[in-house]
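User: I have a protein open and want to go through a few spots in it. Can you take my questions as they come?

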Amino acid sequence: MEYRTLGKTGFSVSVVGFGCGAVGGLMVGEDYRTAIPVVERALEAGINYFDTAQVYGDGRSETNLGRVLNVLKPDVVVGTKAQLSAVDMDRIEEAVIAAAEISLRRLRIDQIPLFQLHNAIGISRQPERQQIGIDDLATVIQAFQKLQKAGKIHAWGINGLGDTTALHQAAAESGTFTLQVCYSLLNPSAGRPVPSDFPYQDYRQLISQAVLAQVGVIAFRIMAGGALTGNSARHPGAAASVTPIASGDDYYADVAQSQSFDYLVTEGCVDSMAEAAIRFAISHPGVSTALVGLSSMDQLEQMIAAEQKGPLPLKTIDRLS
């Protein structure tokens with residue numbers, strides 16, 4: 001397993017991370033015990049970053065992850081996220097601190113290794129979209145710093161969704177330890193230049209901005225919610241439907257678009273589109289860890305096998321431009 005430095009956190013994390021969200025679905029099930037063997041295998045393979053959030057499964061993901069880790073007692077880095085509601089935006093500091101206490105209880109730990117803001121960041125506040133304004137970030141950071149001083153969190157991070165200009169400013173000036181960035185074959189704009197007629201949001205190489213500021217980059221939606229498998233069928237344990245982020249109008253549009261990369265399989269560059277998506281994400285040296293939302297042991301094994309093959313060859317990456 002390859003390990004990379006997670007910005008200024010002091011953590012060394014596996015280049016692929018265990019996604020505990022509802023899209024994959026494994027960690028939001030009713031019985032946490034079904035996840036134990038999968039997590040055990042992930043640990044055996046060297047995966048040491050686990051990413052969850054308070055909104056995943058209405059708290060079940062944090063609760064189940066806490067139970068699993070309590071059984072296995074591994075030395076891992078856990079990242080979780082708090083999402084401010086429209087009401088919370090009038091009491092940001094209080095809401096962030098209260099959220100940390102909830103996550104600590106659910107995860108059954110004394111300190112959260114990485115506590116992140118889940119809200120998008122824009123030029124201005126848009127409560128109806130659960131988006132904070134760039135000026136709100138100072139209050140969020142103040143709350144993080146209080147939690148850090150109290151020993152409740154080790155490091156903190158922010159979400160890389162929202163207005164591109166605001167996100168670049170936040171990455172450069174906020175002092176954040178980490179940034180979660182949407183990065184995939186369908187929308188590579190956070191890591192690679194795209195043409196002026198690019199059909200999706202252009203993040204204008206946000207990863208490079210983060211690297212300049214020594215911010216750890218956590219890549220998410222690297223599989224486009226599963227669409228980059230090229231198969232519209234969903235795993236029985238996964239979320240029944242997925243809303244795209246920074247890509248097509250709907251999941252089926254993303255599946256159709258993903259088929260433009262089929263040549264990677266037919267020409268023998270990779271064995272599957274899932275492999276292509278994972279290896280593409282870890283090919284960017286600025287990505288600290290790339291998250292894969294998991295539904296099953298089989299998907300975990302595919303993830304491990306893809307990581308072991310390493311980044312895509314440069315000549316293959318160049319053909320994607």
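Analyst: Leaving out residues up to four places away in sequence, Gln-130 touches Gln-83, Leu-84, Ser-85, Met-89, Asn-119 and Ala-120; contact means heavy atoms within 4.5 Å. This is a predicted model, where local features need pLDDT of at least 70, side-chain atom pairs count only at pLDDT 80 or more, and totals for chains, interfaces and linings use all residues. Residues are numbered from 1 along each chain as its sequence is written, and side-chain values use heavy atoms, with hydrogens and water left out.

User: Where is the place of Gln-130?

Analyst: Gln-130 sits in the loop between strand E7 (120-122) and strand E8 (131-133). Helices (H or I, at least four residues) and strands (E, at least two) are DSSP runs, numbered from the N terminus.

User: What does Gln-130 count as, at its relative accessibility?

Analyst: Gln-130 counts as partly exposed, at 31%. Buried means under 20% relative accessible area, exposed over 50%, and partly exposed in between (1.4 Å probe, protein chains only).

User: Now Phe-177. Which loop is Phe-177 found in?

Analyst: Phe-177 is in the loop between helix H5 (164-173) and strand E10 (178-182). Phe-177 counts as buried, at 15% relative accessibility.

User: Which residues is Phe-177 in contact with?

Analyst: Setting aside neighbours within four places in sequence, Phe-177 contacts Gly-7, Lys-8, Thr-9, Gln-148, Ala-155, Trp-156, Gln-214, Val-215 and Gly-216.

User: And Gly-46, where is that found?

Analyst: Gly-46 is in the loop between H1 and E4. Gly-46 is buried, with a relative accessible area of 13%. Not counting residues up to four places away in sequence, Gly-46 touches Met-1, Tyr-3 and Ser-14.

User: Which residues in H10 are buried?

Analyst: In H10 the buried ones are Leu-300, Met-303, Ile-304, Ala-306 and Glu-307. Seen down the axis of H10, the buried residues fall within an arc of 165 degrees, so they line one face of the helix; the arc is that of the directions from the helix axis to the C-beta atoms. On the other side of H10, Asp-298 and Gln-308 are exposed.

User: What covers the buried residues of H10?

Analyst: The cover includes strand E3 (16-19), helix H1 (36-45), helix H9 (273-283) and strand E12 (289-293).

User: What do the buried residues of H2 pack against?

Analyst: They pack against H1, strand E4 (49-51), strand E5 (77-82) and helix H3 (92-107). The buried residues of H2 are Ser-61, Glu-62, Asn-64, Leu-65, Gly-66, Val-68 and Leu-69.

User: What follows H2?

Analyst: Lys-73 follows H2, and the phi of Lys-73 is positive, near 50 degrees. After H10 comes Gly-310, with a positive phi near 80 degrees.
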